[in-house]
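I opened the file to look up backbone angles and model confidence. My notes follow.

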Amino acid sequence: MEKDIKQIEMSNDELMKKWLSIFGKNVDKGLIEEHVTSYGNLLWHLFTWGEVPCLKGEDAKKAFDELQYEEAIRFYDGYASHIEKVSTIGKISAKAVEKDRESDVYIVAKDFSWTYVRTHETGLGPYLCRI
């Protein structure tokens with residue numbers, strides 16, 4: 001069941017930088033600057049432009065639902081390096097994330113071992129990346 005548990009103790013900027021440094025570790029920094037963090041781009045472009053290995057679509061949803069965790073970090077947006085509404089949540093299903101009407105939804109393990117992203121674009125995503 002989805003519920004906010006508490007705010008996380010990291011600034012939005014710190015969280016975004018950590019997310020990028022872990023999931024974009026092997027992506028050229030110039031590519032990240034041009035296609036992920038610059039104006040007009042989105043953080044999830046890491047999985048398209050950056051070609052970070054990940055599960056996509058139905059495979060990502062199924063694998064996300066099979067993950068075992070009690071808490072994760074959720075944030076929204078990711079447009080031009082801006083994230084908002086950061087919170088810690090309990091276990092949530094891909095179906096519940098799909099129903100979330102916010103633009104782009106990012107969920108990441110508290111230890112940053114995986115991330116799940118539901119994009120606003122039909123036909124792109126969702127993405128599940130495991131480290």
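I found aspartate 77 in strand E3, residues 71–79. Helices (H or I, at least four residues) and strands (E, at least two) are DSSP runs, numbered from the N terminus. The phi of aspartate 77 is positive, about 85 degrees, although the residue is not a glycine.

I noted that this is a predicted model, in which local features need pLDDT of at least 70 and side-chain atom pairs count only at pLDDT 80 or more, while totals for chains, interfaces and linings use all residues. Residues are numbered from 1 along each chain as its sequence is written, and side-chain values use heavy atoms, with hydrogens and water left out.

Next I looked up lysine 85, in strand E4, residues 82–90. Lysine 85 also is not a glycine and has a positive phi, near 50 degrees. With 46% relative accessibility, lysine 85 counts as partly exposed.

I then checked the peptide bond from glycine 125 to proline 126, which is cis, with omega near -5 degrees. Proline 126 sits in the loop between strand E6 (114–118) and strand E7 (127–130).

Most peptide bonds are trans, and most residues other than glycine have a negative phi.

Last, I looked at pLDDT, the predictor's confidence in each residue, from 0 to 100. The protein chain has a mean pLDDT of 91, and 94% of its residues reach 70 or more. Over residues 1–6, pLDDT stays under 50.

How values were computed. Contact means heavy atoms within 4.5 Å. Buried means under 20% relative accessible area, exposed over 50%, partly exposed in between (1.4 Å probe, protein chains only).
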